[in-house]
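Subject: Two-chain model, handover and notes

Hello,

Here is the structure for your files. My notes follow below it.

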Amino acid sequence: MPSDIPPDESGKVELGPKASPSGKSRRVSLLPRQRKIEQERVDALTQGRKALLCVDNVSVSFDGFKAITDLTLILDEGELRCIIGPNGAGKTTLQDIITGKTKPDAGSVFLVGDNTDLTELSEYEIAERGICRKFQRPTVFQGHSVFENLELALPGKKGVFASLFARLSKAQRERIDEVLETIGLTEQKHSAAGLLSHGQKQWLEIGMLLAQEPRVLLVDEPVAGMTHQETEKTAELLSSLAGKRTVVVVEHDMEFVRSIARTVTVLHEGKILAEGSMDAVQNNPKVIEVYLGGAH
Amino acid sequence: MNVKAELLRLLPRKGWIGLGAAALICFLVPILNSVTAPGSAAHVPDYLVALIGKFLCFAIVAVAMDLLWGYTGILSLGHGVFFALGGYAMGMYLMLSIGEAGVYRSKLPDFMVFLDWKELPWFWKPFGNFGFALVAALLGPGLLAYVFGFLAFRSRIRGVYFSIITQAFTYALMLLFFRNETGVGGNNGLTNFKRLYGYSLAESSTKLGLYTLSAVGLLVVFLLCRFIVVSKAGRVLCAIRDEESRSRFAGYNPTSYKLFVYTLSAVICGFAGALYVPQVGIINPSEFQPSSSIEMAIWVAVGERASLLGGVLGAFVVNGAKSWFTVALPEAWLYVLGVLFIAVTLFFPGGLASLILRKKAAT
């Protein structure tokens with residue numbers, strides 16, 4: 001632990017990537033590096049469940065602040081999981097780790113079957129393996145049309161030369177139209193994404209994830225800033241996805257969580273405080289304490 | 001494949017008409033220069049042909065800069081490096097092709113005789129071959145850009161930090177090329193060229209040939225960049241410019257896209273430099289000055305970012321103004337450039353091309 005090093009907030013110019021807090025640095029070797037998780041470890045974690053994504057004993061700290069401590073989370077195939085927790089519980093950091101934005105100090109993340117340690121890979125390689133993410137703030141390509149946003153999200157070869165000569169096939173066009181239909185933006189097909197309303201941008205971003213045909217969808221506060229109606233539609237959409245894909249929703253809006261959740265995981269100070277059905281979790285004395293100690 | 005549909009994908013009908021008109025004007029210049037008699041109203045004087053030829057080379061650079069800055073959002077303030085390196089590769093060939101016709105009647109280039117060197121340094125030898133010099137003018141800048149870009153983009157250096165580093169980069173190379181020991185003519189650079197591939201550079205037919213090559217070069221580079229911009233790769237570039245992290249989570253690797261565009265733009269600048277040097281007859285380290293690279297960015301800013309045509313327009317307007325002012329009011333030029341830059345930024349943030357094209361606001 002670099003306890004005697006002062007935190008890096010002295011206005012120093014940050015040239016490179018957000019430095020990994022300690023330990024693993026980003027991309028040192030030029031050769032592709034991949035580490036496979038041993039099958040024994042996989043079996044021990046999954047214990048015969050139909051597990052898809054495993055977060056195994058992950059820890060990360062930022063300048064001495066432990067954002068996540070020894071966290072283990074196992075998500076099943078086709079599951080819809082809600083993650084709740086007070087501010088600073090580590091919800092966003094957990095997603096950063098799964099998608100490769102943050103490198104943990106210890107532990108591993110992997111997809112069952114693939115068994116490659118995802119913490120060694122960069123964001124685009126993880127995305128290629130079918131883990132997609134929706135940001136808290138709606139993040140779409142503002143200058144592009146709604147159609148082009150979805151086009152860029154479609155799965156396929158994403159290298160430079162493949163893109164130079166890429167043409168949309170009929171099937172791909174139909175797929176885009178289908179997604180447009182699902183997210184209700186068919187009429188806005190050709191308008192610039194930057195001109196959409198906040199709620200529409202949220203939907204477009206969800207649509208981009210759908211177009212990517214992911215195995216795991218990470219959705220960070222999907223209904224923030226949405227009207228009641230939009231929230232209901234979003235709940236419907238996410239529920240309908242479960243079964244086909246593994247969906248992880250991080251949300252503050254408890255009513256929304258209740259409307260979609262089957263299993264809820266409560267995070268607190270970087271650890272799992274409770275896990276179970278919404279009712280069980282809500283009656284859990286530890287959870288009540290954490291939440292009542294706060295704003296409730 | 002349907003050729004017509006492909007061409008219309010590349011440029012709309014009006015675009016092709018405009019391009020044809022521009023090409024026609026470009027090719028009228030040498031015709032009006034050689035066919036009409038000096039003194040007649042339609043005559044284009046030699047100095048004007050040389051000037052436009054120079055501008056065409058600058059316009060090639062501007063198109064490459066626009067691809068990099070306008071579309072990908074990478075502001076390189078060191079592209080003068082690649083232009084100059086292309087120029088030096090061509091200059092070295094031109095020096096060797098002088099043969100024994102130099103001032104000292106030696107096989108060695110004059111500056112080497114002057115420095116009392118006895119033989120040609122090893123790295124000069126292959127430049128006696130025109131093909132090698134041409135390949136070096138393209139691949140030299142390309143290779144350097146690839147290595148520099150690889151290190152910079154892999155470490156995720158971007159925005160203003162990247163611009164500053166590229167400024168330092170061009171400055172460092174300027175100091176290197178100023179040294180006599182570097183072996184490319186020191187602060188005088190390379191000059192007094194006589195022949196290019198057997199053709200005398202003093203002949204007006206050679207000059208017109210070089211002019212025509214520049215015009216064709218600009219056309220080819222423009223269409224190449226246009227091809228990239230309208231492809232899906234072009235949309236990925238803009239996506240990286242606007243929302244890099246989203247593009248990453250959508251499965252694209254911004255590093256390889258940036259590296260591709262950066263390297264390609266360097267190759268194009270090397271090509272422009274190689275065309276430029278035989279037309280102006282000199283290459284020296286002043287091309288590495290940080291201000292030359294900044295001017296390249298100003299061409300694009302004044303023209304219009306993210307519109308290849310804007311780059312061409314900007315290169316012509318700024319350099320046209322420069323040619324006029326440095327003769328009429330030499331002291332005023334830098335002020336004029338500054339005012340032009342500020343005025344365009346303040347009043348036509350879209351750039352001059354947006355005024356002409358009357359494009360609807362995109363965002």
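How many helices and strands does chain A have? Chain A has eleven helices and nine strands. Helices here are DSSP runs of H or I with at least four residues, strands are runs of E with at least two, and both are numbered from the N terminus.

Conventions and confidence

Residues are numbered from 1 along each chain as its sequence is written, while chains are lettered from A and ligands numbered from 1 in the order in which they are written. This is a predicted model, so local features need pLDDT of at least 70 and side-chain atom pairs count only at pLDDT 80 or more, whereas totals for chains, interfaces and linings use all residues.

The model scores ipTM 0.88 and pTM 0.89. Chain B has a mean pLDDT of 93 (the predictor's confidence in each residue, from 0 to 100). In chain B, 98% of residues reach 70 or more.

Chain A overall

Of the 296 residues of chain A, 41% count as buried. Buried means that 20 or more other C-beta atoms lie within 10 Å of the residue's own; exposed means 12 or fewer, partly exposed is in between, and the C-beta atoms are placed from the backbone. Take contacts in chain A between residues at least 6 apart in sequence: 69% of them join residues at least 24 apart. A contact needs C-beta atoms, placed from the backbone, within 7 Å.

The antiparallel sheet in chain A

Three strands of chain A form an open sheet in the order 2-1-4, with antiparallel pairing. Strands pair if DSSP finds at least two bridges between them. Strand 2 (65–76) and strand 4 (106–111) of chain A are at the edges; each has a single partner strand, so one side of each is left without a neighbour in the sheet. On average, neighbouring strands of this sheet are turned by 15° against each other, direction ignored.

Strand 1 (residues 51–62) of chain A is joined to strand 2 of chain A by eight bridges. A:Ser61 has A:Lys66, in strand 2 of chain A, as its bridge partner. Helix 1 (residues 39–46) of chain A lies across both strand 1 and strand 2 of chain A, at about 100° to strand 1. Axes are lines fitted to C-alpha atoms, for helices over the stretch in contact, and angles run from 0 to 180 degrees between N-to-C directions.

Strand 5 of chain A runs parallel to strand 6 (residues 216–220) of chain A, joined by four bridges. One bridge partner pair is A:Lys134 and A:Val219, the latter in strand 6 of chain A. Both faces of strand 5 are covered. A:Ile131 and A:Arg133 are buried on one side, A:Cys132 and A:Lys134 on the other.

A:Phe135 sits in the loop between strand 5 (131–134) and helix 4 (146–153) of chain A. Is A:Phe135 exposed, partly exposed or buried? A:Phe135 is partly exposed, because 19 other C-beta atoms lie within 10 Å. A:Phe135 and A:Asp220 are 85 residues apart in sequence, yet 5.5 Å apart in space, C-alpha to C-alpha.

The interface

Chain B brings 27 residues into contact with 29 residues of chain A. On the chain B side, the elements giving two or more residues are helix 9 (232–242), helix 10 (244–249) and helix 11 (254–280). Helix 9 of chain B supplies the largest share, seven residues. By class, this side has 13 nonpolar, six polar and eight charged residues. Ala, Val, Leu, Ile, Met, Phe, Trp, Tyr, Cys and Pro count as nonpolar, Asp, Glu, Lys and Arg as charged, and the others, Gly among them, as polar.

B:Arg235 is in helix 9 of chain B. B:Arg235 counts as buried because it has 22 C-beta neighbours inside 10 Å. Leaving aside neighbours within four places in sequence, B:Arg235 is in contact with A:His144, A:Glu148 and A:Leu152.

Two loop residues in chain B

B:Arg105 has phi near 55°, a positive value in a residue other than glycine. B:Arg105 lies between helix 4 (80–97) and helix 5 (110–114) of chain B, in the loop. B:Arg156 also has a positive phi, of about 55°. Its loop runs between helix 6 (130–154) and helix 7 (159–178) of chain B.

Best wishes

Terms used
Contact = placed C-beta atoms within 7 Å.
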